[in-house]
Amino acid sequence: MSPELFAYPFLFVAIFVESFILVTLLSKPARDARAREQGAATPSVAVIVPCWNEAATLGATCESLLALRYPKDKLEIFLVDDGSTDETAAAMARFAEHPQVRIIRKENGGKHTALNAAINATSAELVGCLDADSFVEPDALNHIVACFTDPHVAAATAAMSVHRPGNFLQHMQNAEYIFGITLRHSFASVNGLYVTPGPFSFYRRDVIEKLGGFRYGHQTEDMEMALRIQHAGYKIENAPRARVYTQAPETLSKLVKQRTRWTSGFLRNILGEYRGLVASRNHGALGMLVLPAALISIASGILLFSLTLVNLGQNALAAIDVRVGIPLSYSMLPHVALDWFYFPANVYALLGIATLAASVSLIAIGKRISRTPGNIAFDIVPYLILYVFVVPLWLITATSDVARGKRRGWRY
Amino acid sequence: MSLAARNALIALGITIALTATVAYTVNYLNRARVAELSAIEDKLSIDILSLDTQFSLLTAAPCDSVASSTTLTGELADLGTRLSYAESQLGSDNPQVIGLKDQYSLLEIRDYLITKQLAAACGTKPPVTVLYFYSNAGDCADCDKAGYALSYLRSTYPTLRVYSFDYNLDLGALKTLIAVTKVNDTLPAFVINSKHFYGFTSLEDLEKQFPKGSLATSTPKH
């Protein structure tokens, strides 16, 4: 039996999920969300910027918050120094006199403690988080606030992309983030979100307090909070035009470390405290489709990568073996005519191409929905070339960490 | 029915339709490949039969009017490449592939015989001819290497004629050829201008089996 046969179910699931995303984008809730205007309501809002050694980017992050087009008396900004050891305190001091800014300094206790410290210090109706390496568009908050018109909505997420992608790897991540815009917008339409990312997600303060505040959440406090909100029966919305830009890791090593943390946090939360959400009919699309698909995608990423690697390895070895002793002038050149006859059409390859084509479409849709600026071609090319080869690196590392009970530091 | 369930059903329908379309496309392409191979074989069959007939009609002066079969041999080689690719796509146990290989082997044998007869009748030096016997039943570890080396030699020495035969093919004419040439089942096996050679170690060793000076090249070797 061909090893490719193992891959077919995973490719089928990938196409099914992509089709589901596309169909859901066309359904009424998603259309309504896209048509949603910035509301007239301006509830009081607190934006928390948790900082641990963020001196380099904190200033720009805070400036972008101060530039938000929102009534100044309704918006307060909390800069929380979570025991930084660099120049973060000095960077914060620049804003100490600003009437909208409040600074909290505390012993290092982790991001969740920094968020809770600010939540305890505010009486704002809505509280949000902005990682200190992220920057927002001036109208982003207005789009977010409009999501809370529905009283069942406990949280709302923004549309993230990469801040000034510089190298190939960052462009690849930008495509991935923009794909995430489409994904989040679609899944939010069926209340299927299971993460409220650090860059500019907002919550009703009373819900957060009712649920007991942020927790460690296996280093993914934003995911743990989203899962707890879903578990409690609330809705998580998405504002596809609330644009926020975040800095992406510039090296493969840093990217793998970041994603290993995210993936292992997901696995630990889902296979641990929130196992009950998976395949739960009571939680609709989240329980029956989104979470199972997320788990399957981890397994399929590892399996498809391994299969591809084995196939490529075997073919390369066979090709080298056959060519040993033959002059390079012949063996290094292809000897197959350019003819449709030799088009390598098999079900496995064509389904793979269909999956990639759908991904590219979803990226283009994400850019259009969010009106994210920039030339997407620069992002899609690295995405197509690199993504399938780098994702397995953190999927394998994270799965291995969880299986062995290994825990890593936040920045290691 | 909830919105998510309805969308999931539509998505399932799309996925099944897409998968079925892909499966149909692949099947259609494979059928088109087989049809093209069949068409090429039919054309070659007519060409070879025509050459054969011309040769028989003009026994007195065959060399005056019979066109060289070199063109046909070139087309035969292209057909062999296509057949080999189709075999890799459809599998060596595919009945259509086996049928095409039978027909291809017959064409090769006819071309081989006509080439020999023409050379004899015209009094010209016969081209260097290699009968190459392989197996893809998993019992010939060096057949891929031997096949690739022969492809290189054929490309480098245009006058060289290589006829490849699947040793295990159940074809009467091929069995007769094997019996006549007395080739045993130690594969890969080569009959180079009637001289037998078994196994493949390197290109150099294979080249040594060719008659001296026979590997004349129209292009520089290296």
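Me: How many disulfides does a search of the whole structure find over all chains?

Reply: This is a predicted model, and the search over all its chains finds one disulfide. The cysteines that form it are B:Cys140 and B:Cys143.

Me: Why is the disulfide of B:Cys140 and B:Cys143 called right-handed?

Reply: The label follows from the torsion about the S-S bond, which is about 90° for B:Cys140 and B:Cys143, so this disulfide is right-handed.

Me: Why are B:Cys140 and B:Cys143 called buried?

Reply: A residue is called buried when its relative accessible area is under 20%. B:Cys140 has a value of 11% and B:Cys143 a value of 6%, so both count as buried.

Me: How do you know that A:Cys51 is in no disulfide?

Reply: For A:Cys51, the nearest cysteine sulfur is that of A:Cys62, at a distance of 8.7 Å; since a disulfide requires sulfur atoms within 2.5 Å, A:Cys51 is in no disulfide.

Me: Why is A:His112 called buried?

Reply: Its relative accessible area is 16%, and since buried means under 20%, A:His112 receives that label. A:His112 is found in helix H5 of chain A, residues 111-121, and, leaving aside neighbours within four places in sequence, is in contact with A:Phe214, A:Arg215, A:Tyr216 and A:Glu221.

Me: What makes B:Lys145 and A:Asp321 a salt bridge?

Reply: The closest N and O atoms of B:Lys145 and A:Asp321 are 3.6 Å apart, and the criterion asks for a side-chain nitrogen of Lys or Arg within 4 Å of a carboxyl oxygen of Asp or Glu, so this pair is a salt bridge. The count between chain B and chain A is two salt bridges, alongside eight residue pairs in polar contact, both residues at pLDDT 80 or more.

Me: Which helices of chain B each supply at least two residues of the side that touches chain A?

Reply: They are helix H1 (3-57), helix H3 (70-90), helix H5 (143-156) and helix H7 (203-208) of chain B. The largest share, 21 residues, comes from H1(B), and the residues of this side of chain B divide into 21 nonpolar, eight polar and eight charged.

Me: How do you know what area chain B and chain A bury between them?

Reply: The size of an interface is often given as the accessible area lost when the parts come together. Chain B and chain A bury about 3,200 Å² between them, with 74% of it on carbon and sulfur atoms. In chain B, the residues that lose the most area to chain A are B:Thr15, B:Arg82 and B:Tyr148, together 19% of what that side buries. In terms of contact, 37 residues of chain B meet 34 residues of chain A.

Key: Residues numbered from 1 in each chain as written. Chains lettered and ligands numbered in written order. Predicted model: local features only at pLDDT ≥ 70, side-chain atom pairs only at ≥ 80, totals over all residues. Heavy atoms only, no water. Contact = heavy atoms within 4.5 Å. Buried area = accessible area lost by both parts, 1.4 Å probe. Polar contact = N/O pair within 3.5 Å; in protein donor to acceptor, adjacent residues only side chain to side chain. Helix = DSSP H or I, 4+ residues; strand = E, 2+ residues; numbered from the N terminus. Nonpolar A, V, L, I, M, F, W, Y, C, P; charged D, E, K, R; others polar. Buried < 20%, exposed > 50% of the residue type's maximum accessible area, 1.4 Å probe, protein only.
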